[in-house]
Amino acid sequence: MTEAFTSLLATTDWNEEWKRLQVARQRADDPAVWDAKAKSFPVKHGSQEGYVARFLELAGVREGETVLDMGCGTGALATPLAQAGNRVIACDFSQGMMDVMLADQRALGVNGVETHLMSWSDDWEACGLGEKSVDVALASRSIATSDLRESLRKLDRVARRRVCLTLPCGPSPRVDERLLEAAGFEHRLGRDFLYAFNILASEGVNPEVAYIPSLRMELFDTFDDACAGFARIVQEAVAGMVPEGEIAAVPGRMKPWLEANLVHDERGFHLSEDRKVTWAFIAWHPL
């Protein structure tokens, strides 16, 4: 007798797997960490950064619409949207990041951005974000949450017309897939955006998906600094997900690849080709 087929795609609880993945990654975000980062965090606007311009193009925010920017950071989206005349509600769990945003907006003469110190797990309605309270809800590179389904539902609940977000196509924008391969961990850490896609599909949503590439470069003063820095990136990415012995072996495994791919110029030591980070842009019409 042929064994009955069970579709893992249709029967897997993707949110429960996401929760287990976050526990394994041990990456709980701390507002204090981002408050400290805010002091040196770059402020970029749509005209200055290809990612932001492309995100706003795909988002298709209409003139005069009210927009929620969840995880607004230093205002990469909130500022150009406000400059375009939209009413913007900018929320973040880091007061430091919002302070940088507001200082930049004052310098630019941008007024009227409403701000809330709010995390994904907070009571959004208590912060004034009730059902269908905005036209468009955005979450750009900001989904740091243990309960992805609940976060997606919150975005859906407050939006009248459209929800847009981005998640990395790899496990993290901080991780170079080439480094993982050099350390022997290729295809071990998953594709974060697929969790959101599968959760939405299981809820009856047909999300649209596009891809936004961006380039990054890490610079180091010495060859040894570069080897240690890149090894640390990999070790932090796989911590809690592979045996300790494999983590300890990372520097030795990576050194031959780094010797072949590190270059030195007036800027310092860096990889011969910039790291490509691809973001998945996911959008849908609220239920």
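Which residue in β2 is the bridge partner of M70? The partner of M70 in β2 is C91. This is a predicted model, in which local features need pLDDT of at least 70, side-chain atom pairs count only at pLDDT 80 or more, and totals for chains, interfaces and linings use all residues. Residues are numbered from 1 along each chain as its sequence is written, and side-chain values use heavy atoms, with hydrogens and water left out. Helices (H or I, at least four residues) and strands (E, at least two) are DSSP runs, numbered from the N terminus.

**The sheet**

- Seven strands make up an open sheet with mixed pairing, in the order β3-β2-β1-β4-β5-β9-β6; two strands pair if DSSP finds at least two bridges between them.
- The edges are held by β3 (114-117) and β6 (208-216), each with a single partner strand, so one side of each has no neighbour in the sheet.
- On average, neighbouring strands of this sheet are turned by 20° against each other, direction ignored; axes are lines fitted to C-alpha atoms, for helices over the stretch in contact, and angles run from 0 to 180 degrees between N-to-C directions.

**Strand pairs**

- β1 (residues 66-70) and β2 (residues 87-92) run parallel and are joined by five bridges.
- β1 also pairs with β4 in the parallel sense, over three bridges, and L68 has A137 of β4 as its bridge partner.
- β4 and β5 run parallel, joined by five bridges, with A139 opposite L165 in β5.
- From β4 the chain crosses through helix α7 (residues 148-158) to β5 in a right-handed β-α-β crossover (with the strands pointing away from the viewer, the path from the first strand over the helix to the second runs clockwise).
- In β4 (residues 134-139), six of six residues are buried (under 20% relative accessible area; exposed is over 50%, partly exposed in between; 1.4 Å probe, protein chains only).

**Helix α6**

- The 14 residues of α6 (residues 95-108) should span 20 Å at 1.5 Å a residue, and the end C-alpha atoms are 20 Å apart, which agrees; the expected span is 1.5 Å times one less than the number of residues.
- Buried residues of α6 are G96, M97, M98, M101, D104 and Q105.
- G109 follows α6 and has a positive phi, near 75°.
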